[in-house]
Amino acid sequence: MSTVTSEARPSWKRRIWAWLGSVERPTQAIERFSYQEDEEIDRPFNWAQLRRLLTYIGPYRGLAAAATAVTMVGSAMGLVRPLILLRTIDRGIGGHNQGLLDRYALAYLATYLLGWAAAGMQMRLTTRLGQSILARLRHHLFGHIQTLSLDFFDSRPAGNVLVRVSNDVNALGDLFTNGIVNLLTNVFLLVGIIVVMLILQWKLALASFVTIPLLIVLSTQVRKRIRLGWQAVRRRLSRINAHLNEAISGIRVTQAFTREDENQTFFSVINDRYYRTWMNTMRWSGMFGPMVNLTGAIGVAIVFAYGSTLVREDLASVALIIAFIQYVGLFWQPISLLGGLYNSLLQAMASSERIFQFLDFRPAVASPPGAPELPPITGAITFEHVSFAYAADRKALDDVSFEVRPGENIALVGHTGAGKTTVINLLSRFYDPTAGRILVDGYDLQSVALPSLRRQMSVVLQETFLFSGTIRENLRYGRLDATDQEIEDAAHAIGADGFICALPQGFDTGVGERGGLLSVGQRQLLSFVRALLADPRVLILDEATSSIDTQTELVIQHALERLLAGRTSFVVAHRLSTIQRADRIMVFDHGQIAEMGTHQSLLDHDGLYASLIRAQFRFLEGGPLGTRG
Amino acid sequence: MWVFRQLRPYYVPYLRTLTVALTLLGLFTAMTLLTPYITRALINSVLENHHWSELWPLVLALPLLSLTSGVVNFAQQYLNQDFSQKCTLRLRAALYARLQAHGFDYYDHEHTGNLMQRVTGDVEAWRTFWTQGMGEAATFTFNIVLGLVVMVTLNGRLTLFTVLLLPFLTISVMRLDRAMRPAYSRIRQSMSDLQTVVQENITGVRTVKSFAREDYALRVFETRNLAYMQYNVEAAILQSRYIPLIQLIGNLGAVMLLWYGGMEVIHGRMSLGTMVAFFGLLGYLTGPIQQLGFLVNLFAQAFASGQRLIEILETPDIVTNRPGAKELSPLEAKGDVRFEHVSFHYTESSDRLALSDVCLHAKPGMVVGLLGRTGAGKSTLVNLIPRFYDVQQGQVLVDGRDVRDWTLESLRRQIGIVPGDTFLFSASIFENISYGRHDAKLDDVRRAASLAQADGFIMELPDQYETTVGERGLGLSGGQRQRIALARAILYDPSILILDDATSSVDLETEYEIQTALERVMQGRTTFIIGHRISSLRRADEILVLDGGRIVDRGRHEDLVRRDGLYRDVFQLQFQGARG
Ligand SMILES: Nc1ncnc2c1ncn2[C@@H]1O[C@H](COP(=O)(O)OP(=O)(O)OP(=O)(O)O)[C@@H](O)[C@H]1O
Ligand SMILES: Nc1ncnc2c1ncn2[C@@H]1O[C@H](COP(=O)(O)OP(=O)(O)OP(=O)(O)O)[C@@H](O)[C@H]1O
Ligand SMILES: [Mg+2]
């Protein structure tokens with residue numbers, strides 16, 4: 001039971017522990033943004049994970065072996081030097097033999113020259129090794145992320161993903177460049193030193209090893225805290241980065257709404273938290289080195305204490321003691337290096353944990369192994385009792401069934417949020433239905449190879465995305481082998497060449513990030529051309545002309561009639577001028593098909609569609625809105 | 001060095017911590033230098049001359065010394081980390097502030113991926129320099145100075161030998177530094193390029209997938225990935241030329257010591273103990289010299305990264321507060337907007353005008369509609385009102401005063417804009433709607449959402465207003481996103497409201513409801529509505545028809561449908577089928 005006084009005046013010991021253990025207090029800042037955080041991983045050192053990490057060395061085994069060999073030559077030189085020193089002192093200096101001294105000095109020089117050559121080679125080899133492994137890991141990670149389906153991306157800010165591919169992979173750089181090689185050579189060195197010491201004077205050797213268990217016991221105490229500390233640091237940093245990424249991409253909104261000051265406050269909170277987490281970790285991390293040194297000093301003390309008795313009893317020469325001290329010094333060097341290595345290993349493990357978490361993520365949408373290619377399709381599409389929910393218990397589509405004949409033009413209409421885009425998401429297999437199936441030409445979507453399906457369908461997404469690069473590059477994205485002429489023809493057919501040619505560099509004008517240097521409608525036009533260029537069997541347009549003016553839209557429609565003769569198309573639109581030409585109109589309401597038919601038949605039916613259309617005429621009633629009206 | 005001069009504000013305030021840390025480091029170095037003295041005494045007097053009684057005090061001194069120096073070392077390290085972390089804290093905050101302040105024109109030409117790499121990777125390189133670099137540099141200096149002092153006291157002539165090597169060292173180090181700087185610039189740049197590819201392929205993942213271009217993306221990625229690797233390897237090759245050489249030069253000292261020192265001992269001019277102590281000391285000299293190459297690397301990296309950070313910090317903003325700019329007080333703002341012969345172009349050259357000679361006057365409370373072909377300049381026109389860009393000719397006036405004579409913040413505070421491409425943050429819907437109004441209560445937010453016809457669907461969501469929407473509003477339909485952006489502008493309570501094609505993804509019925517609701521909102525506010533649908537513009541007090549950056553026609557709906565022109569064409573196209 002702690003009394004009041006001891007509460008008020010904690011002992012020194014307690015104060016120190018409190019300082020070391022102080023977990024950052026949650027700050028009272030309002031959480032303005034929410035970024036999914038990785039949960040704290042408090043598992044002991046994970047050997048399986050390390051082994052998995054090491055498999056990345058696989059193809060570079062030869063390189064790794066060469067690097068290790070060269071490094072070992074360098075360390076072996078370090079091992080030999082005290083021996084030469086011992087001989088020099090014993091025989092050359094002790095024996096007053098100038099000739100021997102000269103020879104030993106030359107040998108000594110030779111070890112350094114060899115070490116010099118080895119060091120240069122080591123640097124080149126280890127960097128090549130480390131960078132190759134990193135490049136491979138990065139390739140693997142990015143390639144894997146590319147295969148993941150949209151549920152993965154829906155739930156993560158881009159900044160989080162970005163950080164894994166760059167920062168987390170780079171954090172492994174140390175480990176792969178020097179870590180593994182150093183580990184091997186240091187272990188080799190350590191064993192070598194132990195052997196040499198044992199041969200020289202086994203009793204003295206054993207005495208100087210006494211402190212090793214001490215080191216092990218001490219360091220295990222500290223290690224766990226260091227590991228958890230680094231994990232926390234990484235988490236904090238990833239939060240900072242996620243926010244930065246979003247702050248940059250949303251900058252225009254921030255400035256329009258003069259939110260700069262508050263964002264700055266938010267940022268300083270997370271920035272500050274990172275600082276404090278780091279410093280907390282440092283408290284433990286910083287102890288490691290001094291602890292190793294202390295045990296080293298104890299070792300030297302023992303050599304002297306015990307060595308002097310040996311010298312007294314004439315069991316050892318003074319030169320031997322001198323050599324031993326050199327060896328003990330050498331001996332602690334690899335140990336403290338291994339300690340440092342362990343530290344960077346812990347940091348690396350924190351990063352690799354996060355990398356593997358991504359690599360272990362399985363795509364929700366994937367074709368079964370060995371799925372057959374979808375042969376060229378005619379474009380017959382069937383929805384059989386399809387239901388879908390993005391998140392459990394909120395159905396976006398509810399038991400939707402329909403059949404589309406090859407070459408039919410279908411318009412999807414309905415209130416916003418009715419499920420039109422969802423139909424399109426399922427059709428292009430961005431998601432799989434929760435119930436029911438979708439057939440294309442009689443093939444179940446889930447049974448065929450995904451790329452062969454998507455290649456035959458083109459979607460113009462509701463949200464336009466252009467890559468930074470030129471207009472030409474962006475259009476060619478639709479078909480990589482399209483010639484310049486084909487690209488220009490496609491743009492011409494859609495009526496996009498007018499504005500393109502007015503640009504300073506025409507088709508070679510850069511569009512900026514996300515197409516920011518173009519008007520919204522121009523971006524949409526380009527993504528339209530891009531989709532057409534892909535020459536799809538099925539064209540899907542999700543409000544693809546919502547930001548395009550009516551005249552251009554008319555041009556597009558005439559072009560489509562020509563270009564898409566005989567192909568199936570789905571069009572989501574709110575503008576009557578776009579909808580009314582469709583062969584068939586499906587009206588969606590709360591995830592279900594409410595009505596289906598031609599424009600005229602639906603108008604006659606006088607249901608949801610008729611009221612949607614009539615809304616247009618309601619705008620014509622009444623006068624201007626402003627005060628002058 | 002100019003990089004370090006420019007970045008002074010980000011480390012000078014903390015130099016006191018660094019000074020304490022470095023002082024402690026000096027103390028630590030001095031303490032470790034005592035060890036050779038003890039060792040010498042142990043060898044000379046105890047082992048050689050058999051003064052056994054001195055053994056224990058000397059032996060115990062060793063761990064004791066290590067313990068005290070360990071404590072000093074810990075404190076030194078801790079303070080050093082504290083220093084460098086504080087520097088980065090400040091630097092990151094400054095970068096963030098600059099990034100928030102940079103105008104639209106800056107972001108038109110900078111890549112998110114590139115900027116991200118700077119605020120993460122480059123900041124990290126800068127920090128590493130201060131953490132490890134300063135420590136190493138100080139250790140180096142202390143060791144050399146103290147080591148030399150001790151050596152001179154032990155044996156002057158022997159010291160001379162070691163000093164001879166220093167010029168060679170200096171030359172190699174300078175060469176290394178010169179070679180490494182451009183190498184690190186290349187590495188940094190290629191990392192940025194890599195980052196940009198990743199970033200784009202993640203944000204555009206739907207596009208990548210819909211064209212089944214995963215393989216292509218991976219190929220593009222791979223070329224940059226390999227370039228980055230290649231630059232790293234090249235840097236290593238450069239390093240491998242100099243760093244081992246620097247180490248070798250340091251080590252030659254040891255060889256000379258052995259040879260010359262050995263002769264001195266043979267001739268009885270020096271004791272064996274002194275020579276061994278010298279060897280110990282030489283370690284203190286050559287150890288840091290071995291690190292010298294590494295130190296140079298850190299420096300070169302910091303230089304390359306610092307340069308890239310300065311680019312963010314020092315790029316001037318074009319759109320800033322003019323001296324003497326006045327505050328536009330919310331109480332007095334009326335929302336009167338005038339364009340007087342405004343011409344504007346985005347690029348340097350003025351031969352591609354985005355707007356030319358635009359005149360308009362929107363009186364307080366008026367609704368102005370804008371119609372025009374894609375790329376006609378509608379968004380450009382409205383973007384000039386909140387000064388997202390500044391005009392090159394003519395002037396834009398708000399409440400009778402040039403917008404450049406209002407302070408930027410107070411001006412923007414009066415303008416609510418719903419941009420053509422919706423951006424939502426990874427935050428709750430509540431946060432997103434109250435983005436410009438941090439003091440808003442749930443009731444206010446709900447009221448704004450109701451006016452934007454968004455309350456209905458939000459209340460159907462599992463967590464209602466607390467639902468987190470993903471980056472860019474994933475998890476909502478296009479129309480739902482637009483309505484949240486609309487609610488955000490309504491809640492902002494501006495005197496000028498700009499709707500840039502804000503209902504393009506909303507069905508006609510909902511749009512009608514929004515418009516009816518907006519009637520109340522628009523009372524007493526000047527409103528600009530950009531739209532392609534006649535329905536959106538129909539009830540404006542004045543409709544401006546833009547073509548190629550010029551106003552080609554203007555009037556009310558009733559007037560314009562009667563005149564031959566763009567407006568009537570559009571009207572007929574949109575309404576002809578429906579009557580049948
Ligand atoms: N990625 C997602 N995660 C969770 N819910 C989603 C997601 N995308 C859409 N939803 C929800 O599913 C429902 C149907 O959305 P959908 O995008 O299909 O509507 P829509 O008919 O295309 O509307 P709009 O015309 O506004 O684009 C909406 O309630 C929406 O909030
Ligand atoms: N940031 C920019 N840098 C350079 N040029 C630009 C930039 N933004 C727009 N432009 C160009 O200026 C012209 C006018 O663009 P603006 O965005 O004003 O068109 P808009 O009338 O709003 O078109 P839309 O209806 O498609 O949105 C276009 O030709 C466009 O390519
Ligand atoms: Mg949609």
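**Notes on a predicted two-chain model with one ligand site**

1. Asp177(B) and Arg181(B) sit four residues apart in helix H7 (residues 166-203) of chain B, so about one helical turn separates them. The two form a salt bridge, with the closest N and O atoms 3.1 Å apart. Asp177(B) counts as buried because its relative accessibility is 16%, and the cut-off for buried is under 20%. Arg181(B), at 24%, counts as partly exposed.

2. A second pair in chain B has the following arrangement. Lys86(B) and Asp82(B) are four residues apart in helix H3 (residues 55-101) of chain B, which puts about one helical turn between them. Their salt bridge has its closest N and O atoms 2.8 Å apart. Lys86(B) is partly exposed at 24% relative accessibility, while Asp82(B) is buried at 9%. As background, an α-helix has 3.6 residues a turn, so residues three or four places apart point the same way.

3. Which residue forms a salt bridge with Arg98(B)? The partner is Asp317(B), with the closest N and O atoms 3.4 Å apart. Asp317(B) lies in the loop between helix H10 (272-314) and strand S1 (337-344) of chain B, and Arg98(B) lies in helix H3 of chain B, so the pair ties together parts that are 219 residues apart in sequence. Asp317(B) counts as buried, at 19% relative accessibility.

4. Over all chains, a search of the whole structure finds 34 salt bridges. In chain A, a network of salt bridges links Arg472(A), Arg476(A), Asp484(A), Glu488(A) and Asp508(A).

5. Ligand 1 lies between chains A and B. There are 23 residues around ligand 1, and those that come nearest are Gly417(A), Thr421(A), Thr422(A), Gly479(B) and Gln480(B). By class, the shell holds 14 polar, five nonpolar and four charged residues.

6. Oxygen atoms of ligand 1 have polar contacts with chain A. A polar side-chain atom of Thr421(A) is 2.5 Å from a ligand oxygen, and a backbone N or O atom of Lys420(A) is 2.8 Å from a ligand oxygen. For Glu543(A), an N or O atom in the side chain lies 3.3 Å from an oxygen atom of ligand 1. On its own, ligand 1 has 630 Å² of accessible area, and the protein covers 90% of this. Strand S2 (394-404) and helix H14 (420-427) of chain A, together with helix H16 (478-491) of chain B, are the elements that give two or more residues to the shell around ligand 1.

7. Helix H20 (residues 550-563) of chain A passes a check on its length. At 1.5 Å a residue, its 14 residues should span 20 Å, and the end C-alpha atoms are 19 Å apart, which agrees. The buried residues of H20(A) are Thr550(A), Gln551(A), Thr552(A), Glu553(A), Ile556(A), Gln557(A), Ala559(A) and Leu560(A).

8. Two backbone angles deserve a look. Asp535(A) is not a glycine, yet has a positive phi of about 50°. Its place is in the loop between helix H19 (520-533) and strand S7 (538-542) of chain A, and Asp535(A) is partly exposed, with a relative accessible area of 45%. Asp399(B), also a residue other than glycine, has a positive phi near 50°. Asp399(B) is in the loop between strand S4 (393-398) and strand S5 (401-402) of chain B. Is Asp399(B) buried or exposed? With a relative accessible area of 17%, Asp399(B) is buried.

Definitions and conventions:
Residues are numbered from 1 along each chain as its sequence is written. Chains are lettered from A and ligands numbered from 1 in the order in which they are written. This is a predicted model: local features need pLDDT of at least 70, side-chain atom pairs count only at pLDDT 80 or more; totals for chains, interfaces and linings use all residues. Side-chain values use heavy atoms; hydrogens and water are left out. The expected span of a helix is 1.5 Å times one less than its number of residues. Buried means under 20% relative accessible area, exposed over 50%, partly exposed in between (1.4 Å probe, protein chains only). A salt bridge is a side-chain nitrogen of Lys or Arg within 4 Å of a carboxyl oxygen of Asp or Glu. A residue is near a molecule or strand if one of its heavy atoms lies within 4 Å of it. A polar contact is a pair of N or O atoms within 3.5 Å; within protein, one must be able to donate a hydrogen and the other to accept it, and residues adjacent in sequence count only if both atoms are side-chain atoms. Accessible areas come from the Shrake-Rupley method with a 1.4 Å probe; for residues, only the protein chains shown count as cover. Ala, Val, Leu, Ile, Met, Phe, Trp, Tyr, Cys and Pro count as nonpolar, Asp, Glu, Lys and Arg as charged, and the others, Gly among them, as polar.
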